Amino acid sequence: MTDPSVPTPATDHEAASGAAGASTPAAEASAAPTSTPASGPTLRPAPGPLSMPYRWLSIGMFSLIFLAAFEAMAVTTIMPLVAEQLDGAALFALAFAVPLAAGIIGMVIAGNWTDRSGPIPSLLVSAALFVVGLVIAGTAVNMEVFIVGRFLHGLSGAAVIVPLYVIVGRVYPERLRARVFAGFAAAWVIPSIVGPALAGMVAEALSWHWVFLGVIVLVVPAAAMMLPPVLRVREQVRGDPAVQWSISRVGWSTLTATAALSVSLSKELDDPWRWVVAVAAIALAAWAARPLLPRGAFRVARGMPATVMLKLIVAGAFFGSEIYLPYLFIERYDFSPSLAGAVLTGAGVSWAAASWLQGRLVERVSNTRVIVIGTTALVIALTIVFVVALFTLAPAIAFVAWTLAGGAMGFMYPRFSVAVLSLSPVSAQGFNSAALTIAESLGAAIALAVTALVSTALGTGMFAADFAVTVAIALVAVLLAARVRPVGSRG
C-alpha cells in the first residue's frame, strides 16, 4: 500500500485536468490537490526532516540553498573590490539589478519544466548553470563578463528553488513541510550572518575570485547528497507530459524582468524622468506579471491568490526597510560599518528562531493565523523603526524593533509555501511555487526602487520618509492577511 501521508501524482484523468490548469492560472488557483495511489517506493513517515529516510535529502536541499544564499550575500561585501579591479564602477548597480531580474525568468522556466518533467531535470540543470555562473564570475577579466556570470547566478539560483519546493510537496508528509521550510529559512539566514565576513576574509587572504570559485567545491557534493534519495522516490516526483511548454510565459517573464530592471535603474535619471520611468515600469511589471501569477492575485482573491500577493507585499515591506537601517546608523549615529551591520545579524537570528518555532506549531496554529500574527508584528516593528528615524531616538530601540521584524518574517514566511503547496494540484505545483517566488522578487524589487526614489528626491538623511513608505506597505499586509484563508475553510 502507498503511504497516505505522502503526496502522489494524479490519475490520468486528474493529470489531464491539472495540465489544463497549468496552462491557465485560474485553474491552478482553484484546483484542489490530488492524492491518489501510485506505484513505486515511498518514504515512510518519520519524526522529523533529519530522521531517516529523509536525512540526506534534507541535508542536500539545505546545503544547496545555503550555498546559493552565501553567494548572494557574499557578493555584497566584495563588490566594491570587484568594481575597482575590473574598472566597472559605472556598472556597479547593474551587477545587483541583473540577477534579480534574471531570477524571474529562471523561476518561470523551472516551474513549467518541473510540472512537465518532474523536479529532477530542472534541478540538475539549474545546479549545473549555477556552477557555470560561478566559473564565469570567478574568472572574469572585465565587468561585462562578470555581469554575465551574475546573470547566470540569478537565473539558476532562483530556478533551483522551484524544484526543491515541489520535492517537499511530493515527498514529505504534510505535517513535516513547515519544518522543512523552516530549515530552508535557516539555510538562507545563516549566510546573511556569516557570509559577508567570510567573503571579506577570503578576498583579503586569497582573492575575490575565490569567493566564487571556492563554492564550486561544495555545490557538487551537495547535489550528489540529495540525488540518490530523490531517485528512490522518482515515481512520486515524476512530471506530467500533458503539461505543455509555454513560450508565452517565458516572454511575459522576460518583459516582467525588464520592467523590474527599469524600475531599479530609474533613480539614475534626472527629474522628472526618473518618476515617469518608474511609474511606467511598475505598471508594466504588474501587467506583464499577471499571466505568471494565479488568477485573482492582484485583486487578492481568497486562498492561493491572496497568499501569493501577501508574500509580495510582505517582502516589499521588509526588504524595502532592510537596506536603510545600516545606512541610518552610519549616517546619523556615526556607527562603524561592522557595528551598523550587527542589526541585520539580530534579525537573522530571530528569523531562524521563529522559523523553528512555527514548524513545531503546525498542528496548533493555522497558516492563516500565523500570517495574521506575522504581519501584525511586522507593522509594529517597522512603525517603531520609523519613529526612531523620525525623532532620532536611541539606536538600541531600532535594533530591538528590527529583531522583532526578523522574527515576524521567520514566523510567517515558511507558511506561505506550505499554504500554496496544500492548495496546488500535483501538475501545478511548479507553476504555483514559481509564482510565489516571483511575487517575492517583484515585491522586493519594486519596494527597493520606490524607497530609492524617495531617498534620491528628498536627499540623504531623510530616512523617516523611506520607513514611512514601508510602514504603509506593511499596513496593507495586515489589512489583507485574513484573505489567505481559502473559501469554506476555518483554518
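A salt bridge is a side-chain nitrogen of Lys or Arg within 4 Å of a carboxyl oxygen of Asp or Glu. By that criterion, a search of the whole structure finds 1 salt bridge. This is a predicted model, in which local features need pLDDT of at least 70 and side-chain atom pairs count only at pLDDT 80 or more, while totals for chains, interfaces and linings use all residues. Residues are numbered from 1 along each chain as its sequence is written, and side-chain values use heavy atoms, with hydrogens and water left out.

**Salt bridge**
- E440 and K311 form the salt bridge through their side chains, at 4.0 Å from N to O.
- The partners are 129 residues apart, with E440 in helix α17 (residues 429–458) and K311 in helix α12; helices are DSSP runs of H or I, at least four residues, numbered from the N terminus.
- K311 counts as buried because its relative accessible area is 2%, where buried means under 20%, exposed over 50% and partly exposed in between (1.4 Å probe, protein chains only).

**Nonpolar cores**
- A nonpolar core is a set of buried Ala, Val, Leu, Ile, Met, Phe, Trp, Tyr and Cys residues joined through side-chain atoms within 4.5 Å.
- The largest core has 85 residues, of which L378 and W402 touch the most other members.
- Helix α12 (residues 304–322) gives the most to this core, with 12 residues.
- Not counting residues up to four places away in sequence, L378 touches V314, A317, F318, A405, A408, M409 and M412; contact means heavy atoms within 4.5 Å.
- A second, separate core of 58 residues includes L57, A83, V168 and W208.

**Nonpolar surface patch**
- I380, I384, L390, F391, L393, I397 and L404 make up a nonpolar patch on the surface, with about 580 Å² of accessible area together.
- Patch members have over 30% relative accessible area and no salt bridge, and nonpolar side chains (Val, Leu, Ile, Met, Phe, Trp, Tyr) are joined within 5 Å; areas come from the Shrake-Rupley method with a 1.4 Å probe.
- α15 (367–391) and α16 (395–422) each supply at least two of the patch residues, and α15 gives the most, with 4.
- I384 sits in helix α15 and counts as partly exposed because its relative accessibility is 32%.

- Buried residues of α9 include V211, F212, V219 and M226.
- S58, in helix α3 (residues 55–85), is buried at a relative accessible area of 0%.
- Leaving aside neighbours within four places in sequence, S58 contacts P49, L50 and Y172.

Key
Patch = residues over 30% accessible without salt bridge, like charges linked within 9 Å, V, L, I, M, F, W, Y side chains within 5 Å.
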